[in-house]
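Biologist: Please take one part of this model and go through it closely, with the cut-offs behind each term. I would like to follow the charged side chains and the helix packing together.

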Amino acid sequence: MDSSSETQPVGLRDRQKLERQRRIVKAAAKLFARTGYADVAMEDVAERAGLAVGTIYNYYPSKSALLLAIIRRESESLIARGRKILDDPPRDAVAAACSFTEIFLDDFTRDDRRLWRELFGAAIADPSVVGRRLFESDAQLVSQLASLLQHYRDCGVLASDLEPIPAATVLYGVSFTWMTAYLMNDAISAEMVRNEIRRGTAIAMRGLFPRAEAIITGGDKL
């Protein structure tokens, strides 16, 4: 018995499957941003992706599954960028922390801010599923940032009594505050948010250096 699907290499089938998934998720993200999550039907996603609606359901059985796929796409991008910084940390701890916290902003500003408004709204409406997934993504990034701070602590750059997770949470809070402002107010530009995150991160980092160094050099860093 001959079949084109049987003669295709497994690698090719996998690539075709991944390409369909990318098309579906990209189409859903565009529609959710433009029309709003509640007003988008699976048929709309199928039409924009250029696929049969049955194909969409084969990959994603519901709109909420599509929403989680979008979050997963964003999370994987963020985690990969964080890993690059961890693999080769800059010598300057403040510059490293600023680069890391800006990962959050870069992801927000790459996509239409309306998409993130829909994601946040869905997280509030469905905290047990969508909200939890967003929280897990943020927790992974905070954990990576904590590992970065621990690296500088172990190297003697930061204070020896530094608690990495609480310190990373404070730095994340700087980013989250300004990213929320960016999402809520169209008058706030990405460049303004970037500058404020850098300022806030540098100020927070002052308190993480050994006390003598913070007193001597803290003013020069800002």
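Modeller: A salt bridge here is a side-chain nitrogen of Lys or Arg within 4 Å of a carboxyl oxygen of Asp or Glu. The model is predicted, so local features need pLDDT of at least 70 and side-chain atom pairs pLDDT 80 or more, while totals for chains, interfaces and linings use all residues. Residues are numbered from 1 along each chain as its sequence is written, and side-chain values use heavy atoms, without hydrogens or water.

Take helix H8, residues 127–154; helices are DSSP runs of H or I, at least four residues long, numbered from the N terminus. Arg-132 and Glu-136 are four residues apart in H8, so about one helical turn separates them. Glu-136 also meets the side chain of Arg-133 in a salt bridge, at 3.9 Å from N to O. Arg-133 and Glu-136 are three residues apart in H8, again about one turn. Glu-136 is partly exposed, with a relative accessible area of 35% (buried is under 20%, exposed over 50%, partly exposed in between, with a 1.4 Å probe and protein chains only).

H8 packs against helix H9, residues 164–184, at an angle of about 120 degrees, the axes being 8 Å apart. That angle makes H8 oblique to H9. H8 passes H9 in a right-handed crossing. On the H8 side the contact includes Asp-138, Val-142, Leu-145, Ala-146, Leu-149 and Arg-153, and on the H9 side Pro-164, Ile-165, Ala-168, Leu-171 and Tyr-172 are among the residues (contact means heavy atoms within 4.5 Å). The residues of this contact divide into 10 nonpolar, three polar and two charged.

Another of them joins the side chains of Glu-102 and Arg-194, at 3.2 Å from N to O. Glu-102 lies in helix H6 (residues 93–110) and Arg-194 in helix H10 (residues 190–206), so this pair ties together parts 92 residues apart in sequence. Glu-102 is buried, with a relative accessible area of 10%, and Arg-194 is buried too, at 15%. Glu-102, Arg-194 and Arg-198 are linked in a network of salt bridges.

Notes. Axes are lines fitted to C-alpha atoms, for helices over the stretch in contact, and angles run from 0 to 180 degrees between N-to-C directions. Helices (H or I, at least four residues) and strands (E, at least two) are DSSP runs, numbered from the N terminus. Angles under 35 degrees count as roughly parallel, over 145 as roughly antiparallel, 65 to 115 as roughly perpendicular and the rest as oblique. A crossing is left-handed if the near helix is turned anticlockwise from the far one by less than a right angle, and right-handed if clockwise. Ala, Val, Leu, Ile, Met, Phe, Trp, Tyr, Cys and Pro count as nonpolar, Asp, Glu, Lys and Arg as charged, and the others, Gly among them, as polar.
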